[in-house]
Amino acid sequence: MDTQIITAEKPLMAQARPRQPAPFLPMSRAEMDALGWDACDIVLVTGDAYVDHPSFGMAIIGRLLEAQGFRVGIISQPDWHSAEPFKVLGKPKVFFGVTGGNMDSMVNRYTADRRLRHDDAYTAGGEGGKRPDRCTVVYAQRCREAFKDVPIVLGGIEASLRRIAHYDYWSDKVRRSVLADAKADLLLYGNAERAVVEVANRLAAGEAPRELGDIRGVALFRRVPEDYSELHADDLDSADEGASRTKGATVIRLPALEQVEQDKDAYARASRVLHRESNPGNARPLVQRHGDRDLWLNPPPIPLTSDEMDAVYDLPYARAPHPSYGEAKIPAWDMIKFSVTIMRGCFGGCTFCSITEHEGRIIQNRSEGSILREIEKIRDKTPGFTGVISDIGGPTANMYRMACKDPKVEAACRRPSCVFPEICPNLNTSHDDLIRLYRKVRETKGIKKVMVASGVRYDLAVESPEYIKELVTHHVGGYLKIAPEHTERGPLDKMMKPGIGAYNQFKRMFDAAAEQAGKKYYLIPYFIAAHPGTTDEDMMNLALWLKKNRYRADQVQTFLPSPMATATAMYHTGVNPLRGVRRGGSDKVEAIKGLRQRRLHKAFLRYHDPDNWPVLREALKEMGRADLIGSRPDQLVPAHQPPGTGKAAGTRRPVRPGGKTHKFTTKGVRVMK
């Protein structure tokens, strides 16, 4: 398949059949009766509370399908212990659509230390436990029990990030594609607007799910067509990795499920190839053997144009939670109800992040008119609005309208990041469109303040001093969160993040702009502990940097291996998929897996907490850095524990049979003394 300028064959709304929109998509028979419906065409099952707002995936998909003329119902957070709650809206005529919600259900329910969370921001009242583990699988199985002959289509981030065989942190094993576990018919990955419209129309026209293997962004089980030739990325002895270009229809064969379960090099190879085949302009289909079946993944969806993005965000959302929740608070709704999404996608390619795998690295932008219309709707229709837009941005705050200067270059590019190891010279980094947008939003009647709360890509921001001045003068309120993630080159290279020098440059420009504006504003940097490729010395140096710069982190983030992320492949395999993967010739990465070492790395980030001083003193001695123990400003922790402080203060180490004590080492290994 040759590279192509990235355009779709037909506009997203080309087949729209407008009908009178429902006040809310119905969640009960009574609501269906009020609309005069005897049945739903499509029933969407979601792990989130139903909020009819474009920040919630099921609302977007539901309203989009409604605009295509379908009668769409919602089943939100059903009791999954039987099939009965999945029958509440009756048998759908076209398909069941199933999603875990706005987050992967395992990330939603468990911390990085695999501890159960007791709250859920996407549930009324913030109550935890309203969705099962791996809820996409459970919901799909219950839909099949309810109506066995209705097609089941998976979507959302949980399905998207588990579309091939993947390492699952919570079970510490490689699991097969969620499509196999769920026993569903189709899986739509990424931003699925184009795919879901075509799937719905073709299923409604009588086609079978197995006939939809030509739709971009679709995964299904099928045989490789006879007219396709295969490129074997599953050959670990070959350096080619399936990258060669051939004429005619080709498909790349990934290492099979059984291979990636048993061979970590094979898993790293599969991850590398999947990420390489992510550009809609040149990506080819992928196939992965699961037992006696082939899992087929079509190339990613074509990004939406600005007109199409506008059409999606201009749909008739109620912009509120469903009335059935009454006065119950939904934390995620409270957080975003006064914010505005202006774009999708991210070309940063950070290896620990799932945005690129889901939304892609090509930025999809809304027009100024669409954004201003939404702000007016917030002003006029959202209860409690005081004139402050709480956030304006997207996955990042300042990639609006940034793109490759040459569409042909963009269509041919296979780089995983446009800004690492440095900003690509083909990338247009102008902030002019964003600055103009900010100014128009501020001029909107009734708008007192527009905040940019987080997500500023500082290595891009330093390319535009005017943007930093605009940001600091008008769009910061006290502090700005920013994410350098680390100070040391080793982990930063594994993250594909810029060096700390870029952060320091941004801070100087930020502070100068704040002083010029007569403001007292502060940067709040975020850092990650225990990322693959991070040594204990790296964390020690980060802690020293934090102390030198007088930062004390109240909350810290420990690396969580989310499904399908490149850093997760590093964590699981000890291999770096950013470089060629070949048996016996791969670049190795040290992963931090032991709970003790993960806690040590977290303790370095909170060097100032007396609870952490005992473990840090012990670790520094083991590292030969006892010189950092003491009360001088250049030392990290005090030599003595103040009375009554620290969880370990005044306690004795547990004694094993035989009288030998546990001794902590910085490599996560116990040695006996």
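**Around helix α20**

Analyst: Helix α20 has buried residues, and what covers them includes α18 (489-495), α19, β24 (522-529), α22 (595-605) and α23 (613-622). Buried means under 20% relative accessible area, exposed over 50% and partly exposed in between (1.4 Å probe, protein chains only). Helices (H or I, at least four residues) and strands (E, at least two) are DSSP runs numbered from the N terminus. The model is predicted, so local features need pLDDT of at least 70 and side-chain atom pairs 80 or more, whereas totals for chains, interfaces and linings use all residues. Residues are numbered from 1 along each chain as its sequence is written, and side-chain values use heavy atoms, without hydrogens or water.

User: Which residues of α20 are buried?

Analyst: An α-helix has 3.6 residues a turn, so residues three or four places apart point the same way. In α20 the buried residues are D536, D538, M539, M540, L542, A543, W545 and L546.

User: How many residues does α20 have, and what distance does the helix reach from its first C-alpha to its last?

Analyst: The expected span is 1.5 Å times one less than the number of residues. Helix α20 covers residues 536-548, which is 13 residues, and reaches 18 Å, close to the 18 Å expected. After the helix comes R550, with a positive phi near 60°.

User: How many aromatic pairs does a search of the whole structure find?

Analyst: Rings of Phe, Tyr and Trp (its six-membered ring) pair if their centres lie within 6.5 Å; planes under 30 degrees apart are stacked, over 60 edge-to-face, the rest tilted. The search finds 17 aromatic pairs. One of them joins Y458 and F506, a tilted pair with 6.5 Å between centres and 45° between planes. This pair links distant parts of the chain, with Y458 in helix α16 (residues 458-461) and F506 in helix α19 (residues 500-517), 48 residues apart. Both Y458 and F506 are buried. Ring pairs also gather Y458, Y503, F506, F510, F527, W545 and Y551 into a cluster. W545 in that cluster is one of the buried residues of α20.

User: What is the order of the strands in the open sheet?

Analyst: Two strands pair if DSSP finds at least two bridges between them. Here 10 strands form the open sheet, in the order β3-β1-β4-β5-β8-β9-β13-β12-β11-β10, with mixed pairing. β3 (72-76) and β10 (229-232) are at the edges with a single partner strand each, so one side of each has no neighbour in the sheet.

User: In what sense do β12 and β13 pair, and over how many bridges?

Analyst: Strand β12 (residues 286-290) pairs with strand β13 (residues 293-297) in the antiparallel sense, over five bridges. These two strands form a hairpin with two residues between them, and G291 in the turn has a positive phi of about 65°. Across this pairing, R289 stands opposite D294 in β13. Strand β9 (residues 218-221) also pairs with β13 in the antiparallel sense, over three bridges, and there F221 stands opposite L295. Four of the five residues of β13 are buried.

User: Which ring lies under the charged end of R293?

Analyst: A charge sits over a ring if NZ of Lys or CZ of Arg is within 6 Å of the ring centre and within 35 degrees of the ring normal. The charged end of R293 sits over the ring of F221, 3.8 Å from its centre. Likewise, the charged end of R222 sits over the ring of W296, at 4.4 Å from its centre.

Terms used
Contact means heavy atoms within 4.5 Å.
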